[in-house]
Amino acid sequence: MQLELTRQDDELTARLIGELDHHGAGEVRERIDTAVLQHRCRRLMLDFSGLTFMDSSGIGLIMGRYRLMCSLGGTLKIQGSSQRLESVIRLAGLEKLPIWGQTERKTTYETTQ
């Protein structure tokens, strides 16, 4: 699991590459939280475009970062998720949270309702 962190103004983008499972989730969580708190980021973008696999620890990563950003008065957005990853996210019931990037899956949700 690789993690690339980039910051622009008060937005942090965390690009995850590889497989996100319980072995790597703790370190990823720690690095993202540290960067958000250190730089006082108001927006966090989780970029899943390089992610090939995600298990339930990925759901925990999303939920924990969502709670962190809400507690800081900020926002969390997800971009670049594959159909397979979106299925995992939907099964967990997270599709109702306002976490999707501007163009991510908006049309899919509109057409399936």
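**A guided reading of the predicted chain**

The protein chain has four helices and four strands; helices (H or I, at least four residues) and strands (E, at least two) are DSSP runs, numbered from the N terminus. This is a predicted model, in which local features need pLDDT of at least 70 and side-chain atom pairs count only at pLDDT 80 or more, while totals for chains, interfaces and linings use all residues. Residues are numbered from 1 along each chain as its sequence is written, and side-chain values use heavy atoms, with hydrogens and water left out.

Read from the N terminus on, the elements of the protein chain follow the order β-β-α-β-α-β-α-α. Of the 113 residues in the protein chain, 41% are buried; buried means under 20% relative accessible area, exposed over 50%, and partly exposed in between (1.4 Å probe, protein chains only). Among the contacts in the protein chain with a separation of 6 or more, 67% come from residues 24 or more positions apart, a contact being heavy atoms within 4.5 Å. The accessible surface of the protein chain comes to about 6,500 Å², and 48% of it belongs to carbon and sulfur atoms; these areas come from the Shrake-Rupley method with a 1.4 Å probe, and for residues only the protein chains shown count as cover.

Helix α1 deserves attention next. In α1, the residues Gly24, Ala25, Val28, Ile32, Asp33, Ala35 and Val36 are buried. They cover an arc of only 165 degrees around the axis, which puts them on the same side of α1; the arc is that of the directions from the helix axis to the C-beta atoms. On the other side of α1, His23, Glu27, Glu30 and Gln38 are exposed. The partners against which the buried residues of α1 pack are β1 (2–8), β2 (11–20), β3 (43–54) and α2 (56–71). The length of the helix can also be checked. At 1.5 Å a residue, the 18 residues of helix α1 (residues 22–39) should span 26 Å, and the end C-alpha atoms are 26 Å apart, which agrees; the expected span is 1.5 Å times one less than the number of residues.

Two loop residues call for comment. Aspartate 9, in the loop between β1 and β2, has a positive phi of about 55 degrees although it is not a glycine. With a relative accessibility of 63%, aspartate 9 counts as exposed. Arginine 40 is found in the loop between α1 and β3 and likewise has a positive phi of about 55 degrees without being a glycine. Arginine 40 counts as exposed, at 69% relative accessibility.

Serine 57 belongs to helix α2 and is buried, with a relative accessible area of 15%. A polar contact of 2.4 Å joins the side chains of serine 57 and aspartate 55; such a contact is a pair of N or O atoms within 3.5 Å, where within protein one must be able to donate a hydrogen and the other to accept it, and residues adjacent in sequence count only if both atoms are side-chain atoms. Leaving aside residues up to four places away in sequence, serine 57 touches Leu20, Asp21, His22 and Ala25.

The last element considered here is a strand. In a regular strand the side chains alternate between the two faces of the sheet. Strands β3 and β4 run parallel and are joined by five bridges, pairing being assigned if DSSP finds at least two bridges between two strands. Methionine 45 stands opposite lysine 77 in β4.
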